[in-house]
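Here is a short tour for someone meeting this structure for the first time. Have the sequence and the 3D view open as you read.

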Amino acid sequence: MLNMSQKNIIFAANLRYTLMKEARLKTLEQTDNVSLYSICFDGKAVSEYEAFVQKFKDDATLNTDYKKIILAIEKIVAVGAFERFFRPEGKISDHVAALSIDSRKLRLYCLRISDQILIVGNGGIKDTQTYEESTELSGYVMDLQAFDKMLAEAQKDGSVTIEKNVITGIEGKVFQLS
Amino acid sequence: MKKETTIKIYSPILQEAHDSITPQERAAFDLNFSISEKIYHTLQEKGMSKRDLARLTGKKESEVSRWFAFGHNFTCKTIALIQLALDVPIITVAQ
């Protein structure tokens with residue numbers, strides 16, 4: 001049974017999700033083996049991961065944790081987005097995962113599509129025991145869950161295909177949030 | 001471990017983030033990552049789990065999990081403990 005505070009958090013996260021209408025996928029980094037993507041919501045040029053970077057790059061108190069995340073993403077693009085590099089979040093049926101970093105302060109959420117494809121989302125300061133207790137963090141997880149569904153639908157209707165380390169059909173494609 | 005390849009970065013924001021890391025920070029991160037990967041692959045080869053490693057080292061499972069998280073800073077004391085527990089050299093020093 002959810003208490004009032006938990007209900008408010010879910011309401012706020014749902015509201016954030018309802019207000020967003022569309023999303024695009026942006027290629028950020030690539031090697032011969034791995035591609036790194038992120039999501040741009042509502043016509044924004046800056047993706048969710050880039051927004052995360054801009055949010056924390058000048059934060060002196062979180063600098064160590066921020067740099068661990070930058071280096072971890074760099075390493076993943078170099079060697080592979082292996083399951084052991086993430087902690088499952090969200091539901092069993094989705095691809096949502098948190099980057100496994102040795103930090104008690106920062107969290108970054110991702111969609112681990114395969115060992116070769118990673119879609120990085122946004123993240124923030126972890127000041128609650130679980131992400132569900134944080135309006136901000138649960139919003140980021142819900143964003144990724146929503147996009148994961150849209151990506152699955154686009155694969156089903158054939159407008160997007162995923163092969164090895166490439167997602168094709170994303171050039172100019174706008175994913176409509178239902 | 002797979003061979004690392006050249007990374008193409010298309011985002012100026014991420015390029016700036018990568019450029020902000022000093023060579024020392026990157027080298028330390030890589031060293032800790034290599035240690036963590038060596039431990040992971042040793043466990044795989046021996047058919048052991050993190051729980052087994054926790055039992056053998058006398059550490060809590062939550063602490064052992066941190067050894068496998070990105071950016072964990074290993075101490076010589078911890079490496080020695082793991083080497084003894086697994087009976088495998090985790091790092092060797094050039095003579």
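Predicted model: local features only at pLDDT ≥ 70, side-chain atom pairs only at ≥ 80, totals over all residues.

Residues are numbered from 1 along each chain as its sequence is written, while chains are lettered from A and ligands numbered from 1 in the order in which they are written.

A few terms come up a lot. Helices (H or I, at least four residues) and strands (E, at least two) are DSSP runs, numbered from the N terminus. A residue is buried if 20 or more other C-beta atoms lie within 10 Å of its own, exposed if 12 or fewer, and partly exposed in between, with C-beta atoms placed from the backbone. Two residues are in contact if their C-beta atoms, again placed from the backbone, lie within 7 Å.

## Chain A at a glance

Chain A has four helices and nine strands. Reading from the N terminus, its elements go α-β-β-α-α-β-β-β-β-α-β-β-β. Of its 178 residues, 43% are buried. Take the contacts in chain A with a separation of 6 or more: 52% of them come from residues 24 or more positions apart.

H3(A) is largely enclosed by the rest of the structure, because 13 of its 17 residues are buried. Just after H3(A) comes A:Gly80, with a positive phi of about 135 degrees.

## A run of paired strands

Two strands count as paired if DSSP finds at least two bridges between them. Strand E3 (residues 86-88) of chain A pairs antiparallel with E4(A) over three bridges, and A:Arg87 has A:Ala98 in E4(A) as its bridge partner. Strand E4 (residues 96-99) of chain A also pairs with E5(A), in the antiparallel sense and over three bridges. There, A:Ala97 is partnered with A:Cys110, and the two strands form a hairpin with six residues between them. On to strand E6 (residues 117-125) of chain A: six bridges join this strand to E5(A), running antiparallel. A:Leu106 sits opposite A:Ile125 in E6(A), and a hairpin of four residues links E5(A) to E6(A).

How many residues of strand E5 (residues 106-112) of chain A are buried? Seven of the seven, so E5(A) is largely enclosed by the rest of the structure. A:Leu106, A:Leu108, A:Cys110 and A:Arg112 point one way, while A:Arg107, A:Tyr109 and A:Leu111 point the other.

## Where the chains meet

The contact between the chains takes 29 residues from chain A and 27 residues from chain B. On chain A's side, strand E1 (22-30), helix H2 (48-56) and helix H3 (63-79) each supply at least two residues. H3(A) gives the largest share, 10 residues. That side of chain A divides into 11 nonpolar, eight polar and 10 charged residues (Ala, Val, Leu, Ile, Met, Phe, Trp, Tyr, Cys and Pro count as nonpolar, Asp, Glu, Lys and Arg as charged, and the others, Gly among them, as polar).
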